[in-house]
Amino acid sequence: MKFPRKHSLKEIAELIDCTFIGDPEFPVLGMNEIHVVTPGDIVFVDHPKYYDKALESAATIVLINKEVDCPEGKALLVSEDPFRDFNKLTRHFKPFKGADVAVPDSVEIGEGTFLQPNVVLGNNVKIGKNCLIHANVNIGDNCIIEDNVIIHAGTVLGGDAFYYKKRPSGFDKLLSGGRVLVKSNVEIGSNCSIDRGVTGDTIIGEGSKLDNLIQIGHDTVIGKQCLIASQVGIAGCVVVEDDVTIWGQVGIRSDVTIATGTVLMAQCGVSKDTTPNTTYWGTPFGEVRTKLKEYAAIKKLPEIVKNLK
């Protein structure tokens, strides 16, 4: 998320009422999660386990809960609760804006695009040319749909990220200020849910086709020409590269990369990165021929045990 204008370190510190380490005029251009930060961004960290990762990231401003040595060329915002203060920044720069109409005046709709009854669009939504948005679709604030896209009934684009911090009093929600970006020639089935990025974009790549009842988490990036069958669940911050096929009921954990040309057979449980142009099966998942050999060997175990007696 980039801010509308450049801010100083001192301005941001005053906004969230915290101390800072660095030049008061140090430039602050935006805020992002660690996997998408660029110079000028704020990233937050609230656990010593991740201090080095945050301090060594591309972010040049680190919102942290302890005074530490500040890396050269960077600045620190020292807060008692970085999670809380990251939310303060989201509220300030991306405040919730209610709507009292189904299609606000700020929406842009391209030539040849058709909206079926009961479609609800958020503020600043942009839809390209020759799209078909079926009944009861909900597209949240700031989302972008490019040309020749079909979205079937009941799908929600731009729901909040499933991202919480456990507190003694319950769960504290990390606010979502990002978007969903759907590239050209995509088709999305009915009753899918694609969450917005926390600060960046959740992206569905050009020409990809999604079946019904699919969940895609925040900040996940789906590449070009991917096929995803029904009941697939993809967690946040996943990268699915181009020409990937994912069959029904596959589950993919966060922060993994599904390499170009991967095929995930039905009901795979994916817990780590894949190798390009490889087919996988099973839970825990593995290369399909290896897994089949393992199952064949398991079937032989009773007879092997019997012969050992």
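I began with Thr113, which, once its neighbours within four places in sequence are set aside, is in contact (heavy atoms within 4.5 Å) with Ile127, Gly128, Lys129, Asn130 and Cys131. I note that this is a predicted model, in which local features need pLDDT of at least 70 and side-chain atom pairs count only at pLDDT 80 or more, while totals for chains, interfaces and linings use all residues. Residues are numbered from 1 along each chain as its sequence is written, and side-chain values use heavy atoms, with hydrogens and water left out.

I then looked up where Thr113 sits, and found it in the loop between β7 (108-109) and β8 (114-115), strands being DSSP runs of E with at least two residues and helices runs of H or I with at least four, numbered from the N terminus. Thr113 counts as buried because its relative accessibility is 15%, where buried means under 20% relative accessible area with a 1.4 Å probe, protein chains only. Its side chain reaches the backbone nitrogen of Asn130 at 3.3 Å.

Next I turned to helix α1 (residues 9-16), where Leu9, Ile12, Ala13 and Ile16 are buried. Seen down the axis of α1, these buried residues fall within an arc of 100°, so they line one face of the helix; the arc is that of the directions from the helix axis to the C-beta atoms. Just after α1, I found Asp17 with a positive phi of about 55°.

Notes
Buried means under 20% relative accessible area, exposed over 50%, partly exposed in between (1.4 Å probe, protein chains only). A polar contact is a pair of N or O atoms within 3.5 Å; within protein, one must be able to donate a hydrogen and the other to accept it, and residues adjacent in sequence count only if both atoms are side-chain atoms.
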